[in-house]
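Hi,

Here is the structure I said I would pass on. Have a look at it first, and then read my notes below.

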Amino acid sequence: MMVKLNEKIREEFAKMKVIYLATASKEGTPNVVPIGAMRLMDDETLWIVDNFMKKTLKNILENPIAAFDIWVPEEEMSYQIKGCLEYVTSGDDYEEARKWMLARKPLPAKGLVKMKFVEIYSVKPGPDAGSLLFG
């Protein structure tokens, strides 16, 4: 089941210039990378353009689940977003993502990662740390 970002989380996401995307291999080896080529498409979908992915791409193809965090410094908390991934290298969505990327920077835009949100957690110190908000 997909979940949707609420207005507060969307506002905080809009402030993010980079997210750190966490993936894992089929054996469970973690990998975390900074992602700047990203675009929130709607309340339940994030697009990430693959320009230079190596370990991340391998992990996505083996184990299409990932997480990232939206840090809210003024509240000393964050939102952890988990989702299912789909990797595409052709079709209308890929072409749209490629055009968007090339308009920003002349980068390879080898593929498109579409992330559908499935769980959102609160990450705030205290008794409710790690509480599931949506999902």
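Which element gives the most to the lining of the largest pocket? That is β2, with three residues. Before the rest, a word on the ground rules: this is a predicted model, where local features need pLDDT of at least 70 and side-chain atom pairs count only at pLDDT 80 or more, while totals for chains, interfaces and linings use all residues. Residues are numbered from 1 along each chain as its sequence is written, and side-chain values use heavy atoms, with hydrogens and water left out.

**The pocket**

The largest pocket has a volume of about 210 Å³. Its lining is made up of 13 residues, and P34, I35, N51, F52 and M53 are the ones nearest its centre. Two or more lining residues come from each of β2 (30–35) and β4. Helices here are DSSP runs of H or I with at least four residues, strands are runs of E with at least two, and both are numbered from the N terminus. A pocket is found on a 1 Å grid over the protein atoms alone, as an open set of points where a 1.4 Å probe fits, with protein on both sides within 12 Å along at least five of seven lines; lining residues have an atom within 4 Å of a point. Grid points are joined across faces, edges and corners, and the volume is the space filled by probe spheres set on the points.

Which residues of α2 (residues 55–62) are buried? They are T56, L57, N59 and I60, where buried means under 20% relative accessible area, exposed over 50% and partly exposed in between (1.4 Å probe, protein chains only). Seen down the helix axis, these buried residues fall within an arc of 160 degrees, so they line one face of α2. The arc is taken from the directions that run from the helix axis to the C-beta atoms. They pack against β1, β2, β4, β6 and β7, with contact meaning heavy atoms within 4.5 Å. On the face turned away from the buried side of α2 you will find the exposed residues K55 and L61.

For α3, the buried residues are Y94, A97 and M101. They cover an arc of only 65 degrees around the axis, which puts them on the same side of α3. Their cover includes β4 (45–50), β6 (77–88) and β7 (111–123). Exposed residues D92, K99 and A103 sit on the face of α3 turned away from its buried side. The length of α3 (residues 92–104) checks out too: at 1.5 Å a residue its 13 residues should span 18 Å, and the end C-alpha atoms are 19 Å apart, which agrees. The expected span is 1.5 Å times one less than the number of residues.

**Aromatic rings**

How many aromatic pairs are there? The count comes to two, where rings of Phe, Tyr and Trp (its six-membered ring) pair if their centres lie within 6.5 Å, and planes under 30 degrees apart count as stacked, over 60 as edge-to-face and the rest as tilted. F13 and F68 have ring centres 6.2 Å apart and planes at 65 degrees, so that pair is edge-to-face. F13 lies in α1 (residues 7–14) and F68 in β5 (residues 65–72), so the pair ties together parts that are 55 residues apart in sequence. Both F13 and F68 are buried. Ring pairs also link F13, F68 and F117 into a cluster.

Leaving aside neighbours within four places in sequence, M2 is in contact with E44, K116, F117 and V118. M2 counts as partly exposed, at 37% relative accessibility.

**Loops to click on**

- S25, in the loop between β1 (19–24) and β2, is buried, with a relative accessible area of 7%. Not counting residues up to four places away in sequence, S25 touches N59, E62 and N63.
- E76 has a positive phi of about 50 degrees although it is not a glycine. E76 is in the loop between β5 and β6 and is exposed, at 58%.
- A109 also has a positive phi, of about 45 degrees, without being a glycine. A109 is in the loop between α3 and β7 and is buried, at 0%.

Cheers
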